[in-house]
Amino acid sequence: IPVKHFVNTDLPDPDSPTIASVDNTGLVTGIREGISYVSATSETGELTAKCKVTVLPASLNSTSLKFIAKNESVSLGFENNSGVQLYYTMGDNDTWHEWDGTTLTVGTTTPVYIKGTNETFNQADIINKFTTSGNGELECYGNALRLLGEEVSSLPHPYCFKELFAGCTNLTVAPELPATTLTIGCYESMFEGCTNLAIAPD
């Protein structure tokens, strides 16, 4: 179907996109991480289509989750109930530290990256979960499987990510959930109580 024009529907100003831009051929270019939408209209004007575009951060996104705050800083913690090992780094460096779950401050210009090497991340009734506090909005980008390791492509255990972000009311953007082989309860209540999460994860 011939397309008349493409429009970026970033808010508040489609003519000044902050997350992604689109040219008259439909080529989308990421500007910064976030969620954007691109609309296309047919030459006759009778048909329109809308596509969600997720722009991931350029650095570290393939090996970790990225947390970034909007408006104000957010405190990020982790309730580690099964002895898993997570690692963090702050800013755009690649110096990793073992994380025992104590509170990290996620800034508006200082992101926090989290990764793991835990194929036994969660099993059955053992719940590991992030906690958040503060008045800012928290966005999380990347692949949730990076909490299990760099090479993991499927969920290894039942209830793997059960309640992982439950109660994180600061969360407004969720990470990708790309696993195609699922287990019973793997995403059970993962985002329960995330009352400010407006966009469902992919």
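Q: In what order do the six strands of the open sheet run, and what is the pairing?
A: The order is β9-β8-β11-β6-β13-β14, and the pairing is mixed; strands here are DSSP runs of E, at least two residues long, numbered from the N terminus, and two of them pair if DSSP finds at least two bridges between them. This is a predicted model, in which local features need pLDDT of at least 70 and side-chain atom pairs count only at pLDDT 80 or more, while totals for chains, interfaces and linings use all residues. Residues are numbered from 1 along each chain as its sequence is written, and side-chain values use heavy atoms, with hydrogens and water left out.

Q: Which strands stand at the edges?
A: Those are β9 (97-99) and β14 (171-173), each with a single partner strand, so one side of each is left without a neighbour in the sheet.

Q: OK, and β6, what does it pair with?
A: Strand β6 (residues 65-70) pairs in the antiparallel sense with β13 (residues 137-141) over five bridges, and also in the antiparallel sense with β11 (residues 112-116) over three bridges. On the β13 side, K70 has E137 as its bridge partner and K66 stands opposite Y141, whereas in β11 the bridge partner of L65 is I114.

Q: Is β6 buried or exposed?
A: Six of the six residues of β6 are buried, so this strand is largely enclosed by the rest of the structure; buried means under 20% relative accessible area, exposed over 50%, and partly exposed in between, with a 1.4 Å probe and protein chains only. L65, F67 and A69 lie on one side, with K66, I68 and K70 on the other, and both faces are covered.

Q: Switching to the largest nonpolar core, which residues touch the most other members?
A: They are F67, F121, F130, F161 and F165, out of 38 residues in that core, where a nonpolar core is a set of buried Ala, Val, Leu, Ile, Met, Phe, Trp, Tyr and Cys residues joined through side-chain atoms within 4.5 Å. Apart from it lies another core, of six residues, including V22 and V38.

Q: What does F161 touch?
A: Not counting residues up to four places away in sequence, F161 touches F121, A144, L145, L147, L148, L155, C186, Y187 and M190, contact meaning heavy atoms within 4.5 Å.

Q: Last one, where does T131 lie, and what is it in contact with?
A: T131 lies in strand β12 (residues 129-133) and is partly exposed, with a relative accessible area of 28%. Leaving aside neighbours within four places in sequence, T131 is in contact with S75, L76, G77, F78, E79 and C168.

Notes
Helix = DSSP H or I, 4+ residues; strand = E, 2+ residues; numbered from the N terminus.
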